[in-house]
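Open the model in your viewer and keep the selection panel at hand. Each stop says what to select and what is there.

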Amino acid sequence: SIIPIKALDDNYIWLINETENNFAYVVDPGEANAVISTVTQLGLNLAGILITHHHWDHTQGISELQDFAGNNLPVYGPAHEQINGVNRPFSGNEHFKLEFLNDIVDVIAIPGHTSGHIGYHIQGALFCGDTLFSVGCGRLFEGTAKQMLYSLTELTKLADTTKVYCAHEYTLANIKFALAVEPNNQALIDYQQWVIQQLELGLPSLPSTIGLEKDINPFLRC
Ligand code: ZN
Ligand code: FE
C-alpha cells in the first residue's frame, strides 16, 4: 500500500509498505514528526528512506528519522547531489531491491528541476519528486528546459497505467495554467471538477497516472 503523509505547506511524503510485514519506507521526508507519528500509529517500523533530490522540503527529516530508526537506516538518494545522510547513492539506470519489499526498484535519472534529480519506479508506481506534477512540472532551478523535456519524455515511456506519486499538491494551480494553454481540452475540464471535489473532501488529487497526464499535462503535450 502507498499512503500520503501531509507535510509542510503542500508536500506529500509517500509511505510504502506491504501487508506481509510491518516495515515501511518513506519518500522525501521534508519533516520527521509527521512520519514518526504515522508509523507509530500504524504500528510500522521505518526500514528506509528514498530521496529524489536535495531540496530541504524533501530532505529535512532525514537525520531525525535516522536517530528515530537507528543510524544504519538505509537512505537511498541521488549520487550527484550533496545530501547529508544518503548512504545508498544512485545516478539512474540502476535496479535494486528494498530489503522488505518484494518488488524491484528501477532508478531513473530525471534532471531538470535539479541537476541530479532521480525518480523511483516500483511495480507500477512512480515516485518522481518535483519533476513531473499532475498537470505540470517542476521549476528549472539547476537544469535546462532541454533536460526537463528529456526527463519528462523518459517518464512517458512508462506504461499508461503507471501511478504518479509526485511530491506536492500543486494540481489545481497547474490546471489554471493548462486551461489557459488548452481551454477546449475536455479531459482537462473534467479533471478540474474532480480535483476540486477531492480537495474539498480534504483528499489528495494524487496519484495521477502517466496515461492521464499525457491527455491533460501541457508539458507532456509540447
Ligand atoms: Zn524541489
Ligand atoms: Fe519540493
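Predicted model: local features only at pLDDT ≥ 70, side-chain atom pairs only at ≥ 80, totals over all residues.

Residues are numbered from 1 along each chain as its sequence is written, chains are lettered from A and ligands numbered from 1 in the order written, and side-chain values use heavy atoms, without hydrogens and water.

**Metal site.** Select the iron ion (ligand 2). Asp-57 (OD), His-58 (NE2), Asp-130 (OD) and His-168 (NE2) coordinate the iron ion at 2.1 to 2.3 Å (donors are N, O and S atoms within 2.8 Å of the metal, or 3.2 Å for Na, K and Ca; water is not among the atoms, so sites may look incomplete). Asp-130 bridges the two ions, which lie 3.2 Å apart. Both Asp-57 and Asp-130 are buried (under 20% relative accessible area; exposed is over 50%, partly exposed in between; 1.4 Å probe, protein chains only).

**Aromatic rings.** Select Tyr-76 and Phe-96. Their rings are stacked, 4.8 Å centre to centre with 15° between the planes (Phe, Tyr and Trp rings, the six-membered one for Trp, pair with centres within 6.5 Å; planes under 30 degrees apart are stacked, over 60 edge-to-face, the rest tilted). Tyr-76 is buried at 7% relative accessible area, and Phe-96 is buried at 11%.

Move to Phe-133 and Tyr-170. This pair is edge-to-face: 4.9 Å between centres, 65° between planes. Phe-133 is buried at 4%, whereas Tyr-170 is partly exposed at 31%.

Finish with Tyr-12, Trp-14, Phe-127 and Tyr-165, which form one aromatic cluster.
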